[in-house]
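The stops below can be selected one after another.

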Amino acid sequence: MKDTFIKEFIQTDFPYNVIKHLLPLLRMRTFDLKIEELNKKSLEIMIECHYFEFNVQYYDDIVGMYPDIAVKFIINNQQKFVSLLDEFQMTTNLLEQLLFNSEIDTEIKKMLFNQYAEDYMTEYIAENMNNQGFNVTERIFEEAKEYLKVDKKEKLIFDNLELFNNAEKMQECFEELEGDYYDLADRTRLHIVELKATQQNEKLVRHLEKIKYIT
């Protein structure tokens, strides 16, 4: 079947069910259609059936029109995306979507986080990165806490206590909190700070004893 016929088929407004069943079978020998010439339903079907190659130019064209479909384009071509990663312009929005999409391979998520989290941090990434089991370094932690208010910053600190292996670093963290935790920042005198009996606080106390922050 000639490409000219297939082009006409693609550009004709057939019912969705017709396009869905026939388009994957009608493969152009040379795909030379412009992305902007395709309607959304045809483009979605093409991406799903790998109708055309994955490259940066097609991605840029798609994301300019349909950002939600552009993410699907990556999901369906994950290994190719990784191989071309240096050619892509990462954004905070794209990184956030990829890190928390259940269809993205776990190892790819970890790689993306390690490579981009520090420079493309968002509030949502800062809040949820520990729940995903990502490797939070001290530099990523410092960047993340700038996006959070005090109550959420508190959770971030408790989720990453292992980063604070000396008293000076721990003191800096307490200085950014409130209430009893802020009182722990004062190391100029001996004094008693009472904390509620919670698992979180028990974990904190054990850590503070370990680094000799408290007696």
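Helices (H or I, at least four residues) and strands (E, at least two) are DSSP runs, numbered from the N terminus. This is a predicted model, in which local features need pLDDT of at least 70 and side-chain atom pairs count only at pLDDT 80 or more, while totals for chains, interfaces and linings use all residues. Residues are numbered from 1 along each chain as its sequence is written, and side-chain values use heavy atoms, with hydrogens and water left out.

**Whole chain**

Select the chain and colour it by secondary structure. There are 14 helices and 0 strands, so the pattern along the sequence reads α-α-α-α-α-α-α-α-α-α-α-α-α-α. The radius of gyration is 25 Å, well over the 17 Å that the globule rule gives for 215 residues, so the chain is more spread out than a compact globule. That radius is taken over C-alpha atoms, and the rule is 2.2 Å times the number of residues to the power 0.38.

Of the 215 residues, 41% are buried. Buried means under 20% relative accessible area, exposed over 50%, and partly exposed in between (1.4 Å probe, protein chains only).

**K109**

Next select K109, in helix 8 (residues 106-116). Is K109 buried or exposed? K109 is buried and has no salt bridge; a salt bridge is a side-chain nitrogen of Lys or Arg within 4 Å of a carboxyl oxygen of Asp or Glu. The nearest side chain of opposite charge belongs to D105, 9.2 Å away. Lys and Arg count as positive and Asp and Glu as negative; His and the chain ends are not counted. Leaving aside neighbours within four places in sequence, K109 has contacts that include L98, F100, Q132 and F134, where contact means heavy atoms within 4.5 Å.

**Salt bridges**

How many salt bridges does a search of the whole structure find? The search finds 15.

Select D68 and K40, whose side chains meet in one of them (3.5 Å, N to O). D68 lies in helix 5 (residues 67-75) and K40 in helix 3 (residues 40-48), so the pair ties together parts that are 28 residues apart in sequence. D68 is partly exposed at 46% relative accessible area, and K40 is partly exposed at 33%.

E103 sits in the loop between helix 7 (92-99) and helix 8, 31 residues from K72.

Finally, select E142, K145, E146, K153 and E176: salt bridges that share partners join these residues into one network.
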